[in-house]
Amino acid sequence: MERNSATGKHGLEGDADLQFLLVGGELVKIRSGSWKKSRFYKLEEDCKTLWHDSQKVFRKKKTFCVDDIDSVRKGRQSEGLSKHTNPSVEDRCFSIILRGHKKNLDLMAPTADAANRWVTALEKIISNMRNLSRQQKSEHWIINCMRKADKNKDNKMNLKELKHFLRQINVEVDDMYAAELFNKCDTSHSGSLEGSEIKHFYDLLTHREEIDVIYGKYAKTDGQMSARDLLRFLVNEQREQASMEDTLKLINKYELDETAKQKKHMSKDGFLMYLNHEEGSILNPAHNEVYQDMRQPLNHYYISSSHNTYLMEDQLKGPSSTEAYIRALMKSCRCVELDCWDGANGEPVIYHGYTLTSKVLFKDVVKAINDYAFKTSEYPVILSLENHCSMEQQKLMAHHLCSILGSALLTQPLGDAMPTNFPSPEELKGRFLIKGKRLNKLNAIFNSSNTVEEDSVSEEDEAADYKDDGQKAKAKKSKMKLAKELSDMVIYCKSVHFNGFEHAKDNQAFYEMSSFKESKALKLAETSATAYIHHNMDKLSRIYPAGSRTDSSNYNPVPMWNAGCQIVALNFQTPSKEMHLNQGRFLPNGFCGYNLKPEFQRSLSSQFDPNALSKGPWLKRKTLYVMVISAQQLPKLNKDKHKSIADPLVRVELYGVPADIASKETHYIENNGFNPMWNENFQFDINVPDLAMVRFVVEDHDSTSQNDLLGQYCLPLTNIQNGYRHVPLLTKRGDVICSAGLFVHLMLLDAQ
């Protein structure tokens with residue numbers, strides 16, 4: 001266990017920033033205007049846990065893990081700090097943003113230099129943790145558990161501590177097996193394990209039989225894999241177009257043994273290292289970057305989109321926050337929604353009208369969007385305005401948009417002539433587009449007098465739907481006045497009411513787009529899919545959840561994508577299967593928020609109907625063979641109950657056109673969340689692979705109640721790699737579980 005801190009430092013030994021964190025210092029924790037208290041913060045010796053003192057009687061010391069930090073923000077960049085501190089202390093403030101539902105930690109350092117030092121040092125250790133290989137993270141996690149099990153801190157492990165450790169890592173073993181394992185390692189017969197004995201115990205514990213079998217099959221040169229052996233593995237098992245040059249690169253990159261490296265061999269440790277890195281991942285590493293053609297018209301892409309972006313929780317009484325926009329944008333969401341209403345003191349606010357949700361200033365939201373829009377993706381962001389403001393406050397909205405977004409706000413079409421089609425994401429990099437009502441046609445911009453004959457437009461569709469949900473729709477939509485200043489900002493995304501596909505074809509310009517409630521969209525996707533797909537070939541469509549989803553639940557986005565809909569807006573704040581599918585859809589292509597639709601959803605000659613498959617370029621029948629081999633270090637759900645051990649099972653789910661939807665699951669394994677092994681084979685028949693997605697779900701089996709989710713991962717079928725692959729696992733909220741993973745064998749072949 002003396003390896004604890006060395007493992008934690010992972011290459012930062014002697015680093016001045018790391019030493020600064022290990023020493024720690026006083027910071028002021030800020031919760032409100034009146035709650036500002038001095039606390040001592042420091043990094044613990046494991047270099048993985050942040051500690052601070054607390055005034056609570058039963059919790060004098062509080063800790064949280066570096067892995068739980070999403071980001072560190074310098075300055076008054078959180079809602080709490082901007083509200084509860086003075087601008088004069090801007091350079092002393094910073095926030096630690098924690099993953100999931102945990103509250104942000106808003107802090108103030110004694111000086112600007114100290115704040116800079118904290119931010120720099122924290123970012124350095126976070127970056128180091130994230131850059132560890134899966135294998136290093138695994139070792140880090142195991143040694144950390146060993147440290148926790150060493151109750152008397154003597155760097156030794158007795159039998160009782162060993163049993164406690166095994167439960168920590170999610171393994172239930174009977175007393176006889178624990179004693180047998182202990183005695184096998186206790187070569188000194190001292191009644192406790194230390195030094196090399198702990199190393200022996202660690203090696204026995206982390207030994208992976210399945211890797212031995214695969215490696216043994218190909219290691220035909222003095223018990224190791226030669227470059228030629230490795231090439232045979234890459235071509236035969238991984239189905240890669242690999243060359244001898246590729247194999248030598250892998251050996252140089254992952255082989256740790258210098259003797260093996262000189263012989264151009266790969267040892268078993270090097271082989272495991274390769275499998276644990278991106279080359280051995282299920283996601284094709286070439287698709288981690290933007291690899292699609294980004295010069296197609298904007299409407300040829302699926303666009304990651306959020307509904308009622310300002311809400312942190314439910315739709316009726318939960319808080320509205322700028323933080324919700326930041327979180328969505330940092331997840332590469334490219335279309336956010338702003339529900340705008342008249343506020344006090346003449347300042348427009350954003351909240352969910354007709355409800356008790358809290359309010360946030362429009363200008364504060366626009367500032368947050370401007371600050372965070374292009375941090376994870378440089379491609380355009382659409383601001384979908386639901387406008388319910390008076391003329392005066394609309395003019396102020398237009399002023400805020402112009403003054404805050406500046407030249408990044410698109411206020412006229414690209415080029416010198418009236419466009420006939422959308423520009424591409426590439427042409428719109430770093431730009432904001434406004435979606436909303438417009439008083440006149442776009443070509444008025446190119447007329448000598450850009451005048452409007454009336455200043456009224458029909459009420460926003462979604463708000464009207466929300467008010468009328470469950471009632472008969474009003475025969476005539478109510479009118480509202482629209483300020484010309486706001487109207488003129490709407491260029492490529494003019495909101496219009498949908499009156500049928502024929503009417504749209506004959507009367508709507510390409511930039512005139514409609515929003516569809518989920519039930520309406522689903523009905524069209526099921527009954528008029530081909531017409532819907534053609535409608536989306538030259539126009540944009542936005543889908544939003546029904547007003548009845550007051551709990552912020554989500555609808556299934558897949559049928560909407562099947563019909564070529566681009567802006568399929570979901571409640572980003574709600575962890576759900578639907579959000580997992582959305583995250584999976586946009587994971588490839590550099591996680592940029594845009595995903596190019598298949599060619600048959602873009603070509604005017606296409607007669608594709610996802611519900612009635614006929615012959616065409618979309619029909620590429622494939623068979624997906626999946627072998628679920630094993631899992632490693634699944635999270636322990638109930639950490640407080642040291643005897644609560646997972647009984648894991650794996651379900652493989654297929655989504656896509658109705659004919660391709662399928663699900664198959666393994667048996668469950670009792671009392672082993674550390675290294676369960678299934679070796680179960682599944683076969684899936686797929687008709688339209690270009691629209692198919694695969695989702696891996698790991699659950700803790702429970703015979704008396706609903707299974708608990710241990711981890712999940714989803715991605716489009718076109719982005720998977722064949723062969724032996726590691727599958728990372730994410731939490732329900734979509735955050736990576738550092739040490740956990742699945743090991744599978746995949747083969748996507750043409751159907752016989």
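**Close-up 1. Salt bridges across the predicted model.** This predicted model holds 35 salt bridges. One of them pairs Lys156 with Glu194, with the closest N and O atoms 3.9 Å apart. Lys156 sits in the loop between helix 5 (134–149) and helix 6 (159–168), while Glu194 sits in the loop between helix 7 (175–185) and helix 8 (196–206), so the pair ties together parts 38 residues apart in sequence. Lys156 is partly exposed, at 30% relative accessibility, and Glu194 is partly exposed too, at 35%.

**Close-up 2. Glu210 and Arg208.** Here the closest N and O atoms of the salt bridge are 3.1 Å apart. Glu210 counts as buried at 8% relative accessibility, and Arg208 is buried at 13%.

**Close-up 3. Arg651 and Glu699.** Their side chains meet in a salt bridge, 3.0 Å from N to O. Arg651 belongs to strand 24 (residues 648–655) and Glu699 to strand 27 (residues 693–700), so this pair links parts 48 residues apart in sequence. Both residues are buried. Shared partners join Arg651, Glu653, Glu665, Arg695 and Glu699 into one salt-bridge network.

**Close-up 4. Helix 2 against helix 4.** Helix 2 (residues 16–23) and helix 4 (residues 112–131) pack at about 110°, axes 9 Å apart, which makes them roughly perpendicular. Helix 2 brings residues including Leu18, Phe20 and Leu21 to the contact, and helix 4 brings, among others, Trp118, Leu122 and Ile125. The contact residues divide into nine nonpolar, one polar and three charged.

**Close-up 5. Strand 7 and its neighbours.** Strand 7 (residues 105–108) is covered on both faces, with Leu105 and Leu107 buried on one side and Asp106 and Met108 on the other. Strand 7 runs antiparallel to strand 1 (residues 25–30), joined by two bridges, and to strand 6 (residues 93–98), joined by four. Met108 has Val28 opposite, as well as Cys93.

How values were computed. Residues are numbered from 1 along each chain as its sequence is written. This is a predicted model: local features need pLDDT of at least 70, side-chain atom pairs count only at pLDDT 80 or more; totals for chains, interfaces and linings use all residues. Side-chain values use heavy atoms; hydrogens and water are left out. Axes are lines fitted to C-alpha atoms, for helices over the stretch in contact, and angles run from 0 to 180 degrees between N-to-C directions. Angles under 35 degrees count as roughly parallel, over 145 as roughly antiparallel, 65 to 115 as roughly perpendicular and the rest as oblique. Contact means heavy atoms within 4.5 Å. Ala, Val, Leu, Ile, Met, Phe, Trp, Tyr, Cys and Pro count as nonpolar, Asp, Glu, Lys and Arg as charged, and the others, Gly among them, as polar. Buried means under 20% relative accessible area, exposed over 50%, partly exposed in between (1.4 Å probe, protein chains only). Two strands pair if DSSP finds at least two bridges between them. A salt bridge is a side-chain nitrogen of Lys or Arg within 4 Å of a carboxyl oxygen of Asp or Glu.
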